[in-house]
There are 2 protein chains.
Amino acid sequence: MQGLKLLIVDDEPDIVDMLAYNFEQEGMTVSKAYNGTDAIRIAESEVPQVILLDVMMPDVDGIEVCETLRQNSELKNTLIIFLSARGEDYSQVAGYKAGADDYVVKPVRVKILKHKIEVLLNRFGAKNESVDESNITINKQRYTVSHLGEEHIIPKKEFELLALLLSSPERVYRRDEILRDVWGDAVIGDRTIDVHVRKLRERFGDNVIQTVKGVGYKFAG
Amino acid sequence: MQGLKLLIVDDEPDIVDMLAYNFEQEGMTVSKAYNGTDAIRIAESEVPQVILLDVMMPDVDGIEVCETLRQNSELKNTLIIFLSARGEDYSQVAGYKAGADDYVVKPVRVKILKHKIEVLLNRFGAKNESVDESNITINKQRYTVSHLGEEHIIPKKEFELLALLLSSPERVYRRDEILRDVWGDAVIGDRTIDVHVRKLRERFGDNVIQTVKGVGYKFAG
DNA sequence: ATAATTGTTTAACATTTGGTTAACCTTATA
DNA sequence: TATAAGGTTAACCAAATGTTAAACAATTAT
């Protein structure tokens with residue numbers, strides 16, 4: 001877990017500190033938040049690999065935070081684990097519905113929590129890197145695309161579209177998924193995606209993005 | 001979770017039956033075992049996508065079963081979830097060390113268990129791999145069909161039809177079932193299915209899909 | 001602030017493809 | 001051997017996607 005970024009969210013500072021201490025021992029880089037609003041802000045700027053999220057917090061609760069974060073495609077691969085004193089079925093189900101990866105009932109047993117995180121990271125861990133065996137690489141920090149040794153800066157939407165497809169090369173993204181992820185709630189015509197695909201093909205070659213008729217598009221080296 | 005194979009292991013038949021009932025409702029194909037030895041035998045022959053494994057059983061206990069199964073590379077991607085009355089830390093840790101993906105303390109809350117399985121399946125996509133003993137494999141994420149080492153992208157309806165037949169190889173699907181599953185409410189003529197079967201046979205060989213006259217079709221390696 | 005530039009979306013049209021049908025052929029079995 | 005079920009083929013049509021240019025928005029430079 002060395003070097004991974006972890007965000008801990010709870011309105012009780014004691015719990016946050018205790019968890020932070022334990023995971024720092026594991027070599028993780030820990031951020032802290034004591035309410036939902038801060039949690040969202042920090043999560044979006046830091047893009048941690050793991051978030052421990054208390055359910056019950058004043059104002060914005062954990063469920064809302066989770067729902068909000070899951071909208072953000074950058075945080076799609078982030079593990080979100082709920083911590084809650086409430087063990088009731090409906091409460092847990094609500095957590096999963098909001099997009100959680102696990103739901104841990106307090107009191108938290110740190111050892112077990114570590115194992116849970118390890119399992120989840122191992123199970124789908126490598127997926128976080130958007131590097132690819134093909135000759136296209138993107139760098140979200142620098143906002144650049146490397147292709148055949150050249151570094152390109154491309155427009156925002158094109159970049160986001162490419163980043164999405166590249167986040168899981170070979171996997172087909174349906175048009176509605178693309179729409180939701182790249183455009184959010186904006187209502188746009190149905191040719192817009194095609195036009196952006198066209199431009200990416202213009203830049204990097206026709207074979208970079210493959211059409212799956214009736215379904216969507218996928219990145220193909 | 002449609003079509004996924006699930007193995008339930010517990011020495012108490014009541015629990016096995018209760019769980020089996022619930023997951024069969026989800027469209028899963030359920031196998032049962034009442035002791036560790038049988039569990040290993042069945043797991044190795046069936047290669048289920050998910051195993052629910054009781055920890056405490058006479059003779060060979062769940063931990064041993066899990067360790068044994070993890071040796072088998074065919075079962076590397078199988079989800080193993082422990083069920084146990086013992087919630088102690090060391091017991092859970094032992095479970096994770098043995099290679100478990102999750103550890104659920106009894107009494108089991110089925111709804112929550114379903115969500116857990118769903119999350120894990122979605123996270124690392126075993127759900128999408130319908131591997132089969134024949135030389136045809138489909139991948140729903142990539143929308144591809146592998147046949148003799150080649151990856152094919154085939155039209156949507158053909159893909160869905162193949163996916164359906166492949167979801168339970170050897171089982172015969174009646175024409176009306178196929179219609180309902182692939183075409184939904186659309187009203188189409190009675191030769192349409194045949195034409196699609198024809199195209200699949202053209203691609204992958206005549207023996208891939210078998211006709212059962214008067215009944216329907218089935219996939220046959 | 002204004003112009004120039006760059007990025008995004010739309011709209012119109014072209015092209016491609018997949019799905020369906022219809023007509024006819026073949027085969028199993030009652 | 002009659003008959004119903006399924007197989008085959010090619011043609012048609014509709015839907016999905018590709019393409020382009022131009023309008024519109026947002027940024028950046030002057």
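Two exercises follow on a predicted model, each with a worked solution.

**Exercise 1. DNA strand C**

Find how many residues surround DNA strand C, and describe the surface they form.

*Solution.*
1. Count the residues. There are 25, and the closest are Pro155(A), Trp183(A), Gly189(A), Trp183(B) and Gly189(B).
2. Look at the DNA side. Sugar and phosphate make up 70% of the atoms of DNA strand C that come within 4 Å of the protein.
3. Check the phosphate oxygens. One lies 2.5 Å from a polar backbone atom of Gly189(A). For Gly189(B), the distance from a polar backbone atom to a phosphate oxygen is 2.4 Å. On the side-chain end, an N or O atom of His196(A) is 3.3 Å from a phosphate oxygen.
4. Assign elements. α6 (156–167) and α8 (192–204) of chain A, and α6 (156–167) and α8 (192–204) of chain B, each give at least two residues to this surface.
5. Sort by class. The surface has nine nonpolar, six polar and 10 charged residues.

**Exercise 2. Chain A against chain B**

Work out which residues and elements of chain A build its side of the interface with chain B.

*Solution.*
1. Start with contacts. 33 residues of chain A touch 30 residues of chain B.
2. Take the area. The two chains bury about 2700 Å² between them, 56% of it on carbon and sulfur atoms. Tyr96(A), His115(A) and Arg123(A) supply 24% of what chain A buries, more than any other three residues.
3. List the salt bridges. The rule finds four across the interface. One of them joins Asp89(B) and Arg109(A), at 3.4 Å from N to O.
4. Assign elements. α4 (89–97), α5 (110–124) and β10 (209–212) of chain A each supply at least two residues. The largest share, eight residues, comes from α5(A).
5. Sort by class. Chain A's side divides into 11 nonpolar, seven polar and 15 charged residues.

How values were computed. Residues numbered from 1 in each chain as written. Chains lettered and ligands numbered in written order. Predicted model: local features only at pLDDT ≥ 70, side-chain atom pairs only at ≥ 80, totals over all residues. Heavy atoms only, no water. Near = heavy atom within 4 Å. Polar contact = N/O pair within 3.5 Å; in protein donor to acceptor, adjacent residues only side chain to side chain. Helix = DSSP H or I, 4+ residues; strand = E, 2+ residues; numbered from the N terminus. Nonpolar A, V, L, I, M, F, W, Y, C, P; charged D, E, K, R; others polar. Contact = heavy atoms within 4.5 Å. Buried area = accessible area lost by both parts, 1.4 Å probe. Salt bridge = Lys/Arg side-chain N within 4 Å of Asp/Glu carboxyl O.
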